[in-house]
Amino acid sequence: MPEDIQNVQKRFEELIKQVTTLTELDSLKVEYLGKKGIVTGLLKKIPTLPASERKSFGTAVNSLKSLCGRLIQEKRESILKSQETTDVDISLPGRKGYLGSRNPIITIIEEITHIFYSMGFEVIEGPDIETEYYNFDALNTPDYHPSRDIQDTFYLAMPGYLLRTQTSPVQIRTMETHPLPIRMISPGRCYRRDAIDPTHYICFHQVEGLYIDRNVTMAMLKGVLSVFARRLLGKQTQIRFRPHFFPFTEPSVEYDITCTICGGKGCRVCKNTGWLEISGAGMVHPKVLEISGIDPKKFRGYAFGMGVERLAMIKYQIDDIRHFYNNDIRFLSQFRGR
Ligand code: PHE
């Protein structure tokens, strides 16, 4: 490479290193590649040279020209990039990470499960899509029973299938597959064609309970539910049984707990009765044991259900079941950290 071209290149490389702003870069560009620029001057020299030098000189000047162009472009990019980072105002407060919260239904199911687990109940889950057999027939619920009406139950397009209306079918599934004695609870979602209002929704949660052994009594049922209620809602909590009917238990009861909002004195929530209804329970009907392959002469059992939304509404003093399903952050964020 001719010496003068080499010198021009060296000088240019030194100068561009010192450039820190776009204005400096522009004037350097003009100085070298502008109409009257140094490199342009060299290019203009080419035709004046003797033919023997022209070719090598020309190649050298042209590659110098493209080198200058490339270095200028690189410099421009690095200046722009450094401006981007210096544009950040480091005195601004940082952005907060958003921490979600769990739906209180999930939290209370975990609490309920923990209480029963500590009393020796295992946890078993059943399917949300059930058959008419498990949801009704095996639970001794005849064809003509009103709960089987299409106005109350979501039937699926596939004949014989439905969305379970209760967790009780898990009783049957467990009796069919598990060795005795059985002591289990089964939390899960249930579905009913209810009109939506502050205490009804098209889906809700229940926790089923089942204990089958040789000498199970109703007193044991009441004992276990009393301990449960005290542990979930506080020592002063009491329960009571009221006679009721379920096709799959005999005798059957509905059970209530003392209203934790007024402490049993009577208020709006408990409609001045001092009691809140939780769900049903009873001694497993001998027919149900038989259907599930258990000898009712040797074994007996109790079963209970509980409405999870009800318990959560009482425990957290929530006045409308729809809050659980609206996905409203203002509601959910109140349960952060629980
Ligand atoms: N499955 C019943 C209901 O949903 C409640 C229940 C469960 C009653 C277990 C008795 C025994 O209403």
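Guide: Buried means under 20% relative accessible area, exposed over 50%, and partly exposed in between, with a 1.4 Å probe and protein chains only as cover. This is a predicted model, in which local features need pLDDT of at least 70, side-chain atom pairs count only at pLDDT 80 or more, and totals for chains, interfaces and linings use all residues. Residues are numbered from 1 along each chain as its sequence is written, and side-chain values use heavy atoms, leaving out hydrogens and water.

Visitor: Why does Pro127 count as partly exposed?

Guide: Its relative accessibility is 30%. Pro127 lies in the loop between β1 (122-123) and β2 (129-131); helices (H or I, at least four residues) and strands (E, at least two) are DSSP runs, numbered from the N terminus.

Visitor: What makes Thr153 count as buried?

Guide: Its relative accessibility is 1%. Buried means under 20%, and therefore Thr153 counts as buried. Thr153 is found in the loop between α6 (132-135) and β3 (161-163). Its C-alpha atom is separated by 8.0 Å from that of Arg164, 11 residues apart along the chain.

Visitor: Why does Ser82 count as partly exposed, and which polar contact does its side chain make?

Guide: Ser82, found in helix α4 (residues 51-86), has 38% relative accessibility and so counts as partly exposed. A polar atom of its side chain lies 2.9 Å from the backbone oxygen of Ile79. A polar contact is a pair of N or O atoms within 3.5 Å; within protein, one must be able to donate a hydrogen and the other to accept it, and residues adjacent in sequence count only if both atoms are side-chain atoms.

Visitor: How do you know that Asn272 and Gln317 are exposed?

Guide: Asn272 has a relative accessible area of 61% and Gln317 has 55% relative accessibility. Exposed means over 50%, so Asn272 is exposed and Gln317 counts as exposed. Phi is near 65° for Asn272 and near 55° for Gln317. Asn272 is found in the loop between β7 and β8, Gln317 in the loop between α10 (308-316) and α11 (329-332).

Visitor: Why are the buried residues of α2 on the same side?

Guide: The buried residues of α2 are Leu25, Leu28 and Tyr32. They cover an arc of only 60° around the axis, which puts them on the same side of α2; the arc is that of the directions from the helix axis to the C-beta atoms. The face turned away from that buried side carries the exposed residues Thr23 and Val30.
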